[in-house]
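Subject: Handover of a structure

Dear colleague,

Please find below the structure that I am handing over to you.

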Amino acid sequence: MKVTPLSDALGAEVIGIDLTSIDDPVFDEIHEAFLEYQLLVFRDQDLTPDAHIAFSERFGPIETRPDRPFTLPNYPEVTVLSNRLVDGEPMGVISAGDFWHTDLSFSEIPCRATFLHAREVAEEGGDTEWSNIYTAYDTLSAEMKERIADLKGIHVFDRRRNKRAQVDTQFANKADEVYGIPIPDAVHPMVRHHPETGRKSLYISPRFVVGIEGMGGDEAQPLLDELFAHQIRAEFRYRHKWQHGDLLMWDNPCLIHIGRGAIKPPGIRHMHRTMVLGDRPH
Ligand SMILES: O=C(O)CCC(=O)C(=O)O
(Lines give C-alpha, C1' and ligand atoms only; values in the text may rest on other atoms or scores of the structure.)
Protein backbone atom coordinates (compact mmCIF):
# COMPACT_ATOMS: atom_id res chain seq x y z
CA MET A 1 0.00 0.00 0.00
CA LYS A 2 1.39 3.37 -1.04
CA VAL A 3 0.01 6.64 0.34
CA THR A 4 0.66 9.86 -1.60
CA PRO A 5 -0.55 13.26 -0.35
CA LEU A 6 -2.95 15.04 -2.71
CA SER A 7 -2.46 18.61 -1.50
CA ASP A 8 -0.90 20.66 1.29
CA ALA A 9 -4.35 21.04 2.84
CA LEU A 10 -5.66 17.49 3.24
CA GLY A 11 -6.16 14.20 1.46
CA ALA A 12 -4.05 11.33 0.16
CA GLU A 13 -4.30 8.80 -2.63
CA VAL A 14 -3.91 5.16 -1.64
CA ILE A 15 -2.47 2.86 -4.27
CA GLY A 16 -2.30 -0.92 -4.27
CA ILE A 17 -5.46 -1.74 -2.33
CA ASP A 18 -8.51 -3.75 -3.31
CA LEU A 19 -11.11 -2.79 -0.75
CA THR A 20 -12.97 -6.08 -1.19
CA SER A 21 -10.11 -8.00 0.38
CA ILE A 22 -8.32 -6.23 3.20
CA ASP A 23 -7.06 -7.97 6.30
CA ASP A 24 -6.69 -6.46 9.75
CA PRO A 25 -3.09 -5.19 9.40
CA VAL A 26 -4.00 -3.43 6.13
CA PHE A 27 -7.11 -2.02 7.75
CA ASP A 28 -4.91 -0.62 10.54
CA GLU A 29 -2.68 1.08 7.96
CA ILE A 30 -5.71 2.58 6.22
CA HIS A 31 -7.07 3.77 9.54
CA GLU A 32 -3.76 5.42 10.41
CA ALA A 33 -3.57 7.14 7.02
CA PHE A 34 -7.16 8.30 7.45
CA LEU A 35 -6.32 10.00 10.74
CA GLU A 36 -3.24 11.60 9.21
CA TYR A 37 -4.78 12.87 5.93
CA GLN A 38 -8.52 13.16 6.81
CA LEU A 39 -9.54 12.07 3.29
CA LEU A 40 -8.44 9.01 1.33
CA VAL A 41 -8.92 8.25 -2.36
CA PHE A 42 -8.86 4.61 -3.47
CA ARG A 43 -8.76 4.33 -7.28
CA ASP A 44 -10.34 1.69 -9.53
CA GLN A 45 -12.54 0.06 -6.91
CA ASP A 46 -15.10 -2.37 -8.27
CA LEU A 47 -17.49 -2.46 -5.31
CA THR A 48 -20.88 -4.08 -5.06
CA PRO A 49 -23.24 -2.41 -2.59
CA ASP A 50 -22.48 -5.27 -0.16
CA ALA A 51 -18.73 -4.67 -0.43
CA HIS A 52 -19.19 -0.92 -0.07
CA ILE A 53 -21.25 -1.52 3.09
CA ALA A 54 -18.77 -4.07 4.47
CA PHE A 55 -15.83 -1.68 4.13
CA SER A 56 -17.78 1.24 5.63
CA GLU A 57 -18.91 -0.87 8.59
CA ARG A 58 -15.34 -1.47 9.64
CA PHE A 59 -15.39 2.16 10.82
CA GLY A 60 -18.69 2.09 12.71
CA PRO A 61 -22.44 1.62 12.37
CA ILE A 62 -23.98 2.86 9.13
CA GLU A 63 -26.64 5.53 9.45
CA THR A 64 -29.99 4.79 7.83
CA ARG A 65 -33.10 6.93 7.80
CA PRO A 66 -36.35 5.33 6.63
CA ASP A 67 -37.57 8.54 5.02
CA ARG A 68 -34.35 9.37 3.16
CA PRO A 69 -35.09 9.78 -0.53
CA PHE A 70 -33.24 7.69 -3.10
CA THR A 71 -31.80 4.82 -1.14
CA LEU A 72 -30.89 1.78 -3.24
CA PRO A 73 -33.66 -0.86 -3.39
CA ASN A 74 -33.07 -3.37 -0.56
CA TYR A 75 -30.11 -1.32 0.69
CA PRO A 76 -31.32 1.40 3.06
CA GLU A 77 -27.63 1.96 3.93
CA VAL A 78 -26.79 3.19 0.42
CA THR A 79 -27.99 6.49 -1.02
CA VAL A 80 -27.83 7.14 -4.75
CA LEU A 81 -26.53 10.52 -5.91
CA SER A 82 -27.23 10.78 -9.62
CA ASN A 83 -28.36 13.13 -12.35
CA ARG A 84 -29.66 10.28 -14.53
CA LEU A 85 -33.32 10.57 -15.44
CA VAL A 86 -35.46 7.50 -16.04
CA ASP A 87 -38.81 8.24 -17.71
CA GLY A 88 -38.14 11.89 -16.90
CA GLU A 89 -37.69 11.17 -13.18
CA PRO A 90 -34.35 11.50 -11.34
CA MET A 91 -32.79 8.25 -10.14
CA GLY A 92 -30.99 9.90 -7.25
CA VAL A 93 -30.26 13.10 -5.39
CA ILE A 94 -29.08 15.49 -8.11
CA SER A 95 -27.27 18.16 -6.14
CA ALA A 96 -26.33 16.66 -2.78
CA GLY A 97 -24.16 18.92 -0.69
CA ASP A 98 -24.56 22.12 -2.67
CA PHE A 99 -23.56 24.29 0.31
CA TRP A 100 -20.51 23.83 2.56
CA HIS A 101 -21.35 21.34 5.29
CA THR A 102 -20.21 18.42 7.39
CA ASP A 103 -22.44 15.37 7.16
CA LEU A 104 -25.38 14.92 9.53
CA SER A 105 -24.25 17.71 11.86
CA PHE A 106 -27.97 18.42 12.42
CA SER A 107 -28.12 15.13 14.34
CA GLU A 108 -27.32 14.54 17.97
CA ILE A 109 -24.85 11.91 16.81
CA PRO A 110 -23.46 13.16 13.50
CA CYS A 111 -21.63 11.27 10.81
CA ARG A 112 -18.04 10.22 11.44
CA ALA A 113 -17.01 9.09 7.99
CA THR A 114 -18.65 9.27 4.58
CA PHE A 115 -17.84 6.79 1.78
CA LEU A 116 -18.64 7.92 -1.75
CA HIS A 117 -18.13 5.58 -4.69
CA ALA A 118 -18.05 6.87 -8.27
CA ARG A 119 -19.85 4.38 -10.52
CA GLU A 120 -20.13 6.80 -13.44
CA VAL A 121 -18.46 10.15 -13.86
CA ALA A 122 -19.17 13.06 -16.16
CA GLU A 123 -16.46 14.37 -18.42
CA GLU A 124 -16.94 17.87 -17.13
CA GLY A 125 -18.33 19.02 -13.78
CA GLY A 126 -19.32 17.15 -10.64
CA ASP A 127 -16.16 17.88 -8.64
CA THR A 128 -16.30 17.82 -4.86
CA GLU A 129 -14.27 20.13 -2.64
CA TRP A 130 -13.22 19.79 1.00
CA SER A 131 -11.83 22.29 3.49
CA ASN A 132 -9.80 21.42 6.56
CA ILE A 133 -11.48 22.72 9.72
CA TYR A 134 -8.61 21.58 11.95
CA THR A 135 -6.49 24.15 10.11
CA ALA A 136 -9.34 26.63 10.17
CA TYR A 137 -9.37 26.38 13.96
CA ASP A 138 -5.57 26.38 14.33
CA THR A 139 -5.24 29.59 12.30
CA LEU A 140 -7.80 31.64 14.27
CA SER A 141 -6.38 34.47 16.35
CA ALA A 142 -5.88 33.83 20.05
CA GLU A 143 -8.68 36.33 20.77
CA MET A 144 -11.09 34.52 18.46
CA LYS A 145 -10.20 31.13 19.96
CA GLU A 146 -11.00 32.53 23.38
CA ARG A 147 -14.22 34.15 22.20
CA ILE A 148 -15.67 30.95 20.71
CA ALA A 149 -14.19 28.45 23.18
CA ASP A 150 -17.48 27.74 24.95
CA LEU A 151 -19.96 28.66 22.23
CA LYS A 152 -22.40 26.22 20.69
CA GLY A 153 -23.80 26.28 17.18
CA ILE A 154 -27.44 25.54 16.40
CA HIS A 155 -27.58 23.00 13.54
CA VAL A 156 -30.81 22.85 11.55
CA PHE A 157 -31.84 20.34 8.89
CA ASP A 158 -34.70 22.35 7.35
CA ARG A 159 -33.24 24.56 4.62
CA ARG A 160 -36.26 26.84 4.77
CA ARG A 161 -34.99 28.09 8.14
CA ASN A 162 -31.53 28.90 6.82
CA LYS A 163 -31.02 32.17 4.96
CA ARG A 164 -27.66 30.87 3.70
CA ALA A 165 -29.05 27.73 2.01
CA GLN A 166 -31.92 27.76 -0.47
CA VAL A 167 -34.24 24.80 -0.96
CA ASP A 168 -32.85 22.76 -3.86
CA THR A 169 -34.90 22.86 -7.03
CA GLN A 170 -35.27 19.06 -7.16
CA PHE A 171 -37.32 19.11 -3.97
CA ALA A 172 -38.97 22.53 -4.28
CA ASN A 173 -42.44 21.14 -4.94
CA LYS A 174 -42.26 18.75 -1.99
CA ALA A 175 -40.36 20.88 0.50
CA ASP A 176 -42.76 19.98 3.35
CA GLU A 177 -42.23 16.29 2.75
CA VAL A 178 -38.43 16.50 2.46
CA TYR A 179 -37.52 19.25 4.94
CA GLY A 180 -40.47 19.22 7.30
CA ILE A 181 -39.59 15.84 8.80
CA PRO A 182 -39.39 15.91 12.59
CA ILE A 183 -35.66 16.19 13.17
CA PRO A 184 -34.98 18.24 16.29
CA ASP A 185 -32.26 20.89 16.01
CA ALA A 186 -28.88 19.84 17.36
CA VAL A 187 -26.63 22.03 19.47
CA HIS A 188 -22.91 21.26 19.20
CA PRO A 189 -19.73 22.93 20.45
CA MET A 190 -18.30 25.25 17.80
CA VAL A 191 -14.88 23.98 18.81
CA ARG A 192 -15.04 20.21 18.53
CA HIS A 193 -12.50 17.69 19.76
CA HIS A 194 -11.86 14.94 17.27
CA PRO A 195 -12.94 11.57 18.73
CA GLU A 196 -9.61 9.88 17.96
CA THR A 197 -6.89 12.51 17.55
CA GLY A 198 -8.29 14.90 20.16
CA ARG A 199 -7.39 17.82 17.84
CA LYS A 200 -9.74 20.82 17.78
CA SER A 201 -11.75 21.81 14.72
CA LEU A 202 -14.03 24.72 13.88
CA TYR A 203 -17.17 22.59 13.76
CA ILE A 204 -19.73 24.80 12.03
CA SER A 205 -20.96 25.15 8.45
CA PRO A 206 -23.17 27.56 6.53
CA ARG A 207 -25.51 24.77 5.38
CA PHE A 208 -26.49 23.68 8.86
CA VAL A 209 -25.58 26.30 11.48
CA VAL A 210 -28.14 29.09 11.70
CA GLY A 211 -27.34 30.59 15.08
CA ILE A 212 -25.39 30.42 18.33
CA GLU A 213 -27.00 29.20 21.50
CA GLY A 214 -27.83 32.01 23.93
CA MET A 215 -26.62 34.77 21.58
CA GLY A 216 -28.85 37.23 19.71
CA GLY A 217 -28.74 37.38 15.94
CA ASP A 218 -27.13 40.85 15.90
CA GLU A 219 -24.05 39.41 17.53
CA ALA A 220 -24.20 35.82 16.26
CA GLN A 221 -24.74 36.37 12.54
CA PRO A 222 -21.71 38.63 11.88
CA LEU A 223 -19.57 36.26 13.96
CA LEU A 224 -20.80 33.27 11.94
CA ASP A 225 -20.22 35.13 8.67
CA GLU A 226 -16.64 35.85 9.69
CA LEU A 227 -15.99 32.25 10.72
CA PHE A 228 -17.67 30.78 7.62
CA ALA A 229 -15.47 32.95 5.39
CA HIS A 230 -12.38 31.91 7.32
CA GLN A 231 -13.24 28.18 7.11
CA ILE A 232 -12.96 28.11 3.33
CA ARG A 233 -9.73 29.99 2.73
CA ALA A 234 -8.17 28.63 -0.46
CA GLU A 235 -5.13 27.19 1.31
CA PHE A 236 -7.30 24.92 3.49
CA ARG A 237 -8.96 23.26 0.49
CA TYR A 238 -8.65 20.28 -1.84
CA ARG A 239 -10.85 19.84 -4.93
CA HIS A 240 -11.35 16.37 -6.37
CA LYS A 241 -11.97 15.57 -10.02
CA TRP A 242 -13.62 12.15 -9.89
CA GLN A 243 -12.54 9.14 -11.90
CA HIS A 244 -14.64 6.07 -12.52
CA GLY A 245 -14.13 3.61 -9.63
CA ASP A 246 -12.92 6.16 -7.07
CA LEU A 247 -13.94 5.42 -3.51
CA LEU A 248 -13.39 8.46 -1.31
CA MET A 249 -13.74 8.40 2.44
CA TRP A 250 -13.58 11.52 4.56
CA ASP A 251 -13.49 12.43 8.21
CA ASN A 252 -16.44 14.69 9.00
CA PRO A 253 -15.37 15.98 12.44
CA CYS A 254 -12.42 17.77 10.81
CA LEU A 255 -13.56 18.56 7.23
CA ILE A 256 -16.38 20.46 5.58
CA HIS A 257 -17.23 19.82 1.94
CA ILE A 258 -19.33 20.99 -1.00
CA GLY A 259 -20.56 19.36 -4.22
CA ARG A 260 -19.63 21.69 -7.08
CA GLY A 261 -22.29 20.36 -9.50
CA ALA A 262 -22.20 22.06 -12.92
CA ILE A 263 -22.23 18.78 -14.83
CA LYS A 264 -22.03 19.50 -18.52
CA PRO A 265 -24.83 17.72 -20.43
CA PRO A 266 -25.12 14.99 -21.49
CA GLY A 267 -22.67 13.90 -18.74
CA ILE A 268 -23.95 11.42 -16.17
CA ARG A 269 -22.56 11.25 -12.66
CA HIS A 270 -23.77 8.30 -10.61
CA MET A 271 -22.51 7.68 -7.07
CA HIS A 272 -23.27 5.43 -4.11
CA ARG A 273 -22.89 6.86 -0.61
CA THR A 274 -22.76 5.39 2.90
CA MET A 275 -22.34 7.30 6.15
CA VAL A 276 -20.96 5.89 9.37
CA LEU A 277 -21.99 7.35 12.72
CA GLY A 278 -19.49 8.70 15.22
CA ASP A 279 -19.49 10.25 18.68
CA ARG A 280 -21.51 13.00 20.30
CA PRO A 281 -19.46 16.15 19.56
CA HIS A 282 -17.58 17.44 22.59
O1 LIG B 1 -21.78 14.64 -4.55
C2 LIG B 1 -20.97 15.43 -4.07
O3 LIG B 1 -20.09 15.97 -4.75
C4 LIG B 1 -21.05 15.81 -2.64
C5 LIG B 1 -22.01 14.98 -1.87
C6 LIG B 1 -22.22 15.50 -0.50
O7 LIG B 1 -21.92 16.59 -0.16
C8 LIG B 1 -22.84 14.62 0.49
O9 LIG B 1 -23.27 13.52 0.14
O10 LIG B 1 -22.85 15.00 1.68
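The notes below treat the ligand and then some details of the backbone.

The model is predicted, so local features need pLDDT of at least 70 and side-chain atom pairs count only at pLDDT 80 or more, while totals for chains, interfaces and linings use all residues. Residues are numbered from 1 along each chain as its sequence is written, and side-chain values use heavy atoms, with hydrogens and water left out.

The ligand

The ligand sits in the largest pocket. A pocket here is an open set of points on a 1 Å grid over the protein atoms alone, where a 1.4 Å probe fits, with protein on both sides within 12 Å along at least five of seven lines. A molecule sits in a pocket if more than half of its atoms lie within 2 Å of its grid points.

Around the ligand are L81, A96, G97, H101, D103, T128, H257, G259, R269 and R273; a residue is listed if one of its heavy atoms lies within 4 Å of the ligand. This shell comprises two nonpolar, five polar and three charged residues. In this division, Ala, Val, Leu, Ile, Met, Phe, Trp, Tyr, Cys and Pro are nonpolar, Asp, Glu, Lys and Arg are charged, and the others, Gly among them, are polar.

Which distances separate polar side-chain atoms from oxygen atoms of the ligand? The distance is 3.1 Å for H257, 2.8 Å for R269 and 2.7 Å for R273. Of the 290 Å² of accessible area that the ligand has on its own, the protein covers 97% (Shrake-Rupley method, 1.4 Å probe).

Details of the backbone

A cis peptide bond, with omega of about 5°, joins P265 and P266. P266 belongs to the loop between β17 (255-259) and β18 (270-277). For context, most residues other than glycine have a negative phi, and most peptide bonds are trans.

Helices (H or I, at least four residues) and strands (E, at least two) are DSSP runs, numbered from the N terminus.

Yours sincerely

How values were computed
A polar contact is a pair of N or O atoms within 3.5 Å; within protein, one must be able to donate a hydrogen and the other to accept it, and residues adjacent in sequence count only if both atoms are side-chain atoms. On a 1 Å grid over the protein atoms alone, a cavity is a set of points where a 1.4 Å probe fits but cannot get out, and a pocket is an open set with protein on both sides within 12 Å along at least five of seven lines; lining residues have an atom within 4 Å of a point.
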